[in-house]
Amino acid sequence: MGRTRYLADTVLTCDEAETVHAPGAIDVEDGRICWVGAAAEAPEAEGAVVCDVGGLVMPGLVNAHCHTPMTLVRGAGDGLPLWRWLTEAMWPREGRMTPDDVWWGMTLGSAEMLRAGVTTSCEMYLHEEPVVEAVRASGARLVMTPGVVSALHPEASVEGRAQDLEDFHARYHDPAGRITVGVAPHSAYDLGIGRVVELAELARRLDMLLHIHIAETTQESTELEVAHGASVVRVLADHGVFEGSVLAAHCVWVDDDDIRLLAGHDVAVAHCPLSNMKLGSGVAPLARMLEAGVTVALGTDGPASNDTLDLWEEVKIAPLLARATGLDATLVGPSEVLAMATRLGGRAVGLGDVGCLAPGWAADFQRIDLDHHAFVPVTDPSELLAHVAWSGTDRRVSDVWVAGEQVVHDGVVLRVDEEQARAEVQQRAERLAAG
Ligand SMILES: [Zn+2]
């Protein structure tokens with residue numbers, strides 16, 4: 001693949017300096033960015049293909065916590081309290097899912113994310129092989145963290161599951177490509193500390209991401225906390241679970257000591273405000289976590305508790321919630337939340353070269369159509385940044401590239417038959433609901 005130069009009216013790099021080039025240029029070669037800057041300063045690039053895409057180009061978003069095949073159960077059990085929602089609506093259907101169901105659920109969700117400019121997702125789910133195969137087919141980037149849950153992987157089978165995970169890692173982990181592999185113990189309250197510790201050791205031995213739910217609801221860890229006389233975050237830290245690369249989903253019910261521990265161990269947090277709101281779980285202390293230096297990324301969580309995979313909604317809601325609950329309009333600004341959705345998201349899911357438009361980084365980017373009322377007026381470049389954060393939404397995303405390959409063109413996902421994916425999920429969901 002030779003060099004391609006993309007010219008845009010505005011290039012939002014999402015680098016640490018929040019650099020904006022207007023008009024800007026991005027040179028891409030072999031799936032990576034080799035040059036970014038003002039269009040007028042672009043170097044001679046003989047033989048390069050030049051694409052003038054106009055609009056605004058920025059990094060693809062990173063959905064740091066999801067269970068995307070749950071497109072198959074989207075809408076089921078709405079309004080039930082958490083335990084009844086899980087035991088009456090989710091688990092019976094999920095128990096009936098075949099690998100083919102999961103492939104189609106993931107395919108539809110992957111297409112939905114790509115259309116929203118979400119180029120990477122970090123997935124916690126069972127049936128890891130069809131999830132990987134579906135994303136290979138759609139062209140997105142994936143961090144696959146196969147789930148371990150007590151109901152399906154009881155104590156007796158722990159060694160077998162650990163061996164499966166190791167084999168899966170050997171087969172699919174490909175940091176130079178688009179698929180990387182981690183491991184996802186569901187939670188300490190579900191598996192118990194001992195099994196989480198074992199899986200954390202496995203993750204460290206294979207140098208892979210440990211992805212776990214922590215402190216999503218107020219009651220879930222009570223029993224464990226009473227038994228250990230400490231918060232679940234403290235218990236996990238004391239047992240060495242945070243020694244490797246760790247991504248903690250939710251962290252709604254954490255106090256200042258917990259936040260200090262998360263920051264001190266460089267545990268990244270996937271903040272999922274819409275899921276937490278829909279399931280009545282609470283509001284995570286986003287501003288305090290950011291202030292303490294925790295790496296916070298954004299996640300949609302599963303589409304059954306959101307109900308979309310459009311991470312632009314989290315981009316808008318996360319700062320609004322932080323400001324409304326903190327009674328402070330200075331909290332979580334547009335550039336800060338865009339960094340959470342891009343560069344910090346990449347870091348949180350173990351991809352240090354994803355989420356920023358800079359030389360050497362992955363060529364994952366999206367084009368946003370600025371030809372819309374919500375982007376007028378712009379009297380200062382910072383206003384454009386604010387418009388993107390507050391009014392981005394998937395409907396403004398027109399084109400998307402992953403590793404330099406165009407995967408969405410003019411709102412159409414190129415590698416997925418979206419109509420067929422919708423029909424397959426519809427028909428399979430009817431079967432899963434019927435039991
Ligand atoms: Zn989750």
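Predicted model: local features only at pLDDT ≥ 70, side-chain atom pairs only at ≥ 80, totals over all residues.
Trainee: Why is C251 called buried?

Mentor: C251 has 26 other C-beta atoms within 10 Å, and because a residue is called buried when 20 or more lie within that distance, C251 is buried. This residue sits in the loop between strand 14 (246-250) and helix 9 (256-264), and its phi is positive, about 45°, although C251 is not a glycine.

Trainee: How do you know that V332 is buried or exposed?

Mentor: The count for V332 is 22 other C-beta atoms within 10 Å; since the cut-off for buried is 20 or more, V332 is buried. V332 lies in the loop between helix 12 and helix 13 (334-341), and it has a positive phi of about 50° without being a glycine.

Trainee: What is the span of helix 16, and how does it stand against the one expected?

Mentor: Helix 16 (residues 418-434) has 17 residues and reaches 24 Å from its first C-alpha to its last, which is close to the 24 Å expected at 1.5 Å a residue.

Trainee: What puts the buried residues of helix 16 on the same side?

Mentor: The buried residues of helix 16 are A421, V425, R428, A429 and L432. They cover an arc of only 110° around the axis, and therefore they fall on the same side of helix 16. What covers them includes helix 1 (82-95) and helix 2 (99-115), whereas the face turned away from the buried side carries exposed residues, among them E419, Q420 and E430.

Conventions. Residues numbered from 1 in each chain as written. Helix = DSSP H or I, 4+ residues; strand = E, 2+ residues; numbered from the N terminus. Expected span 1.5 Å × (residues − 1). Buried ≥ 20, exposed ≤ 12 C-beta atoms within 10 Å, placed from the backbone. Arc of directions from axis to C-beta. Contact = placed C-beta atoms within 7 Å.
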